[in-house]
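This briefing goes through one protein model, topic by topic. Keep the structure open and find each residue as it is named.

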Amino acid sequence: MAGKSRTGNFFEDFRIGMLIAHPTPRTLTDGDRSLYIALTGSRDLLGSARTASEQAGLERQPLDGFLVFNLAFGKTVPDISLNAVANLGYADGRFLTPVHVGDTLRVESEIIGLRENSNGKSGVVYTRSTALNQHDQPVLTWVRWVMVRKRDPKAPAPAAEVPSLPAAVGADALAVPGYGPGVRKIAAMTGVSDFWEDYEAGERIDHPSAMTINDSDHSSATRLYQNTAKVHFDARMMAATPTGRRLVYGGHVISVARALAYDGLENVLGLLALNGGSHVAPTHAGDTVCCATTVVERIDLPHADVAALRLRTVAATGLDGAQQIVFPREGAGKDDAPGVVLDLDYTVAIPRKPKTTLSP
Amino acid sequence: MAGKSRTGNFFEDFRIGMLIAHPTPRTLTDGDRSLYIALTGSRDLLGSARTASEQAGLERQPLDGFLVFNLAFGKTVPDISLNAVANLGYADGRFLTPVHVGDTLRVESEIIGLRENSNGKSGVVYTRSTALNQHDQPVLTWVRWVMVRKRDPKAPAPAAEVPSLPAAVGADALAVPGYGPGVRKIAAMTGVSDFWEDYEAGERIDHPSAMTINDSDHSSATRLYQNTAKVHFDARMMAATPTGRRLVYGGHVISVARALAYDGLENVLGLLALNGGSHVAPTHAGDTVCCATTVVERIDLPHADVAALRLRTVAATGLDGAQQIVFPREGAGKDDAPGVVLDLDYTVAIPRKPKTTLSP
Amino acid sequence: MAGKSRTGNFFEDFRIGMLIAHPTPRTLTDGDRSLYIALTGSRDLLGSARTASEQAGLERQPLDGFLVFNLAFGKTVPDISLNAVANLGYADGRFLTPVHVGDTLRVESEIIGLRENSNGKSGVVYTRSTALNQHDQPVLTWVRWVMVRKRDPKAPAPAAEVPSLPAAVGADALAVPGYGPGVRKIAAMTGVSDFWEDYEAGERIDHPSAMTINDSDHSSATRLYQNTAKVHFDARMMAATPTGRRLVYGGHVISVARALAYDGLENVLGLLALNGGSHVAPTHAGDTVCCATTVVERIDLPHADVAALRLRTVAATGLDGAQQIVFPREGAGKDDAPGVVLDLDYTVAIPRKPKTTLSP
């Protein structure tokens, strides 16, 4: 009766062009909104306050983009990465439609690349996943690649096929929600008057706070996303691995880093793109995460009141503060950037500076 | 002033026929729904997705049956089991009416059996408890028996009276929610095509995942249910007991086992009955729970699209996977089934196979 | 680029009369209600059950007063106490308007007192903070004083100015929600018939339960309030302090103590005032909290069905139960009251005794 003891796909089960409708849609609730705050420390302005989203001109209060991302990602795990060795990277992530309480998300993936590792024991699977709401509107699409074990090392490998992926989502592919002119006045709610024009490419922000991750924090968050990857939950299995402990789900590290990065980026309205990202090293309960951000690019948008910042946020553990973080250089070894666990490249919406002719 | 320092009932305080209206009703929220997912890992289809409950023909999205059970159970603790030694068993549990967000539950119990232990220090109390919603409709009724200490070992014992209880809830006593014909198409949402006809009596399913329980997980869940039993919360008191640690509330173990048992039982719609259950051994934080299920019986129902499965799910700790679980035999010692902590007998609703003449 | 790495105010940054509009309003959800129960064990009657608030004559179900307090307090942290040494006391806290799910709170503070410490390294800042809802109605106002480090010990100190504060909120300043006559019948929901007339000044209640605090409990609660004080979250930084561990946010201890104090105060309807409070000693994860309450005063109110009790709840750790708690005496050393971590003085609303001429 092993037929009902499903154990997920292995590398040799995937084929280019394969379409997967991931099981179990999920309706988002106000409980998810509050739990996301409780588990990550998010202070995301529009996700925290209905008055802020009204001020920004939105009819309904959106949910935090990384809550949506993690929830959508979780749906892909049983089919894509239940027994994955490592989640290697992201590309071309686009937040297409705001998600609200009451929306039900389902997720589909297409296999867009496969490449067996030279050791013959595993391979890299590239997927394009898309989350859709109950009206079948795509709300988020992203590419990830993940190293997946082979069930049988002797199974024949498909011809290697690696998709070509953009280094970043282009300005013309960014879907900007319908913010109104009031969005320029949100400084009254954040107490901070740094807007799009106040950030410069190359600028670095050392976020002042740090967060120690507890076992129950990360496992509750990961369960909230209905992500079932065993490495996050099965301490007995993990005791036999080199680190001996459960791994913190990388998406939880992303959320914690984004929450810490509130300080210095207070007027950010929401996520537009996930350009790329790498979980450079594993994170475990008890680790204290700090992070720093550099502004990669200031992106103008065809929107009267809002433009975009491309940001790179690097999170690290085992350091005495964000000022100690070294940003990993392309191609350099891990020793050049000690403690780094996450290197994330994303694009956010932020209001333009208030017009000085307007009275506040 | 000890009069206001209430310490619960002891064995000699109970009388056959005594009726107890348990204090503090509780209104269920969307926060409870999300917390249940975050704390247990539930992927219960109808509890997760409004689109799924609509597909199943229900007007409103029901809450997970074991969330309702645990919440109702928690209400009985201050009066029945605040100082209990052990929760011994359940019988004749029937889920009578679906529970929705916004419903307010209150719980009443009748004492239906009493039997002093031969040591004179404690006794077994049998209760029939019923949870009612704000319209005074019963939503859940169940019998449990629990070993309760005597305040005064010299207090006279009542004549022993043990209720006769059914081994399982009969098919005619199962209350099936008003599922519509669309329920047969939910495989589109679960990705699994195993329906009522695809399960056989005697079939065993080894659920592939395992879950390590953290202290904050189980105590948060138990607080969510407003269950105040000291053994779950007071580490200082528990340090003086043989195991030296807080006990995980048995209902949390039930919820975790049910969540793990999603894999292999994906199309289950909800709980119809709790036939019986035994917390075979205590569970502590740090324990890793795995579980296996056998199909006890396939039960036909007078419903065009839905029938029932009687299941037995056994959860264990300290094992290397569900395949190592030995199902306890009636009357056998604990050594025959190492690591087993829970032996649960329950009945679920599941759709009949889609008619092949229907196009999907 | 340190300009965007904001690190909060230091003692020398404050001026008497300074007004601060704290950033990031927060909309309260049903998720917050459920999380508050899950993290603290609250059984607050009106916060738990919509039927109870209806019985009490309220149109909408209020949120627990200490949830509102902690959330409002959290908003003040980035500006007032991000780098505080210690939160020293509270006074003149008044709950002015019930808060409901969907309300958005923002918080303003005025600096009302400053006094440099003799060591020149820190000073005490007195603030009057007020939380307002989306209709700009004040819902809660309170004074607190907190010891804040100086950035530069050589910075000149302002002239000392210490506000005069009431020992307790006077009866005429208590804002009583619009309870109706049905409130006298809530004993049917709590199972307890102790009303206003049944409590006497000087009476002591030893609350029977105790609660061990887990790291994830207190840090999740503190994140829920968006309180960013580093001492609660940064275990790496705290490892270098004398206790070597993260501090539990004092407001979480207040909530746990209030939750434990449900037993013996079951018919309490809600908070009217926070007269004073002192975090006598730090609390850490792993500590087991118990508490006892004395009735300070029975306060009559110009309300037909509801009056007030002024209570003093003392919480302690490291004791074998509430009966061991010694209430700290004014001016006495800490050794006189071993284990005490919290000494809280607050005023609650409670129904008057049901009229015996009414049939139930």
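Through what surfaces do the copies chain A and chain C meet? They meet through different surfaces, because only 7% of the interface residues of chain A are also interface residues in chain C. The model is predicted.

**How the chains are related**

- Chain A is superposed on chain C by a rotation of 120° with 0.0 Å of shift along its axis, and the RMSD is 0.0 Å. This is the relation of a three-fold axis.
- G31(A) is the residue of chain A that comes closest to the rotation axis, with its C-alpha at 2.2 Å.
- Chain B can likewise be laid on chain A by a turn of 120° and a shift of 0.0 Å along the axis, with an RMSD of 0.0 Å. The C-alpha of chain B nearest that axis belongs to G31(B), at 2.2 Å.
- Chains B and A also meet through different surfaces, because only 7% of the interface residues of chain B are interface residues in chain A too.

**The interface between chain B and chain A**

- In this interface, 45 residues of chain B are in contact with 32 residues of chain A.
- The size of an interface is often given as the accessible area lost when the parts come together.
- Chain B and chain A bury about 3,100 Å² between them, and 53% of that is on carbon and sulfur atoms.
- There are 3 salt bridges between chain B and chain A. D320(B) forms a salt bridge with R236(A), with the closest N and O atoms 3.0 Å apart.

**Aromatic rings**

- The count of aromatic pairs over all chains is 27.
- The rings of F73(B) and Y249(B) have centres 5.6 Å apart and planes at 40°, so this pair is tilted.
- F73(B) lies in helix 4 (residues 65-80) of chain B, while Y249(B) lies in the loop between helix 7 (235-238) and helix 8 (250-260).
- F73(B) is buried at 4% relative accessibility, and Y249(B) is buried at 3%. Both values fall under the 20% limit for buried residues.
- In chain C, F69(C) and F73(C) form a tilted pair, with 5.9 Å from centre to centre and 50° between the planes. Both residues lie in helix 4 (residues 65-80) of chain C, 4 residues apart, which is about one turn of the helix.
- An α-helix has 3.6 residues a turn, so residues three or four places apart point the same way.
- F69(C) counts as buried at 1% relative accessibility, and F73(C) counts as buried at 4%.
- In chain A, ring pairs link a cluster made up of F66(A), F69(A), F73(A), Y90(A), W142(A), Y225(A), Y249(A) and Y346(A).
- R352(A) lies over the face of W196(A), 5.3 Å from the ring centre. In chain C, R298(C) lies over the face of W196(C), at 5.1 Å from the ring centre.

**Salt bridges**

- The count over all chains is 60 salt bridges.
- R26(B) and D32(B) meet in a salt bridge at 2.9 Å, N to O, and both residues are buried.
- E108(B) forms a salt bridge with R106(B), with the closest N and O atoms 2.8 Å apart. E108(B) is partly exposed at 33%, and R106(B) is partly exposed at 29%.
- R94(C) and D92(C) form a salt bridge with their closest N and O atoms 3.3 Å apart. R94(C) is partly exposed, with a relative accessible area of 21%, whereas D92(C) is buried at 11%.
- In chain A, a network of salt bridges links D92(A), R94(A) and R128(A).

**Two local sites**

- Helix 8 of chain B is mostly covered, with 11 of its 11 residues buried. Among them are G250(B), H252(B), R258(B) and L260(B).
- A86(A) lies in strand 3 (residues 84-95) of chain A and is partly exposed at 29% relative accessibility.
- Leaving aside neighbours within four places in sequence, A86(A) is in contact with V146(A) and M147(A).
- The C-alpha atoms of A86(A) and V124(A) are separated by 9.4 Å, and the two residues are 38 residues apart along the chain.

Definitions and conventions:
Residues numbered from 1 in each chain as written. Chains lettered and ligands numbered in written order. Predicted model: local features only at pLDDT ≥ 70, side-chain atom pairs only at ≥ 80, totals over all residues. Heavy atoms only, no water. Phe/Tyr/Trp six-rings, centres within 6.5 Å; stacked < 30°, edge-to-face > 60°. Helix = DSSP H or I, 4+ residues; strand = E, 2+ residues; numbered from the N terminus. Buried < 20%, exposed > 50% of the residue type's maximum accessible area, 1.4 Å probe, protein only. Lys NZ or Arg CZ within 6 Å of the ring centre and 35° of its normal. Least-squares fit on C-alpha atoms with pLDDT ≥ 70 in both. Contact = heavy atoms within 4.5 Å. Buried area = accessible area lost by both parts, 1.4 Å probe. Salt bridge = Lys/Arg side-chain N within 4 Å of Asp/Glu carboxyl O.
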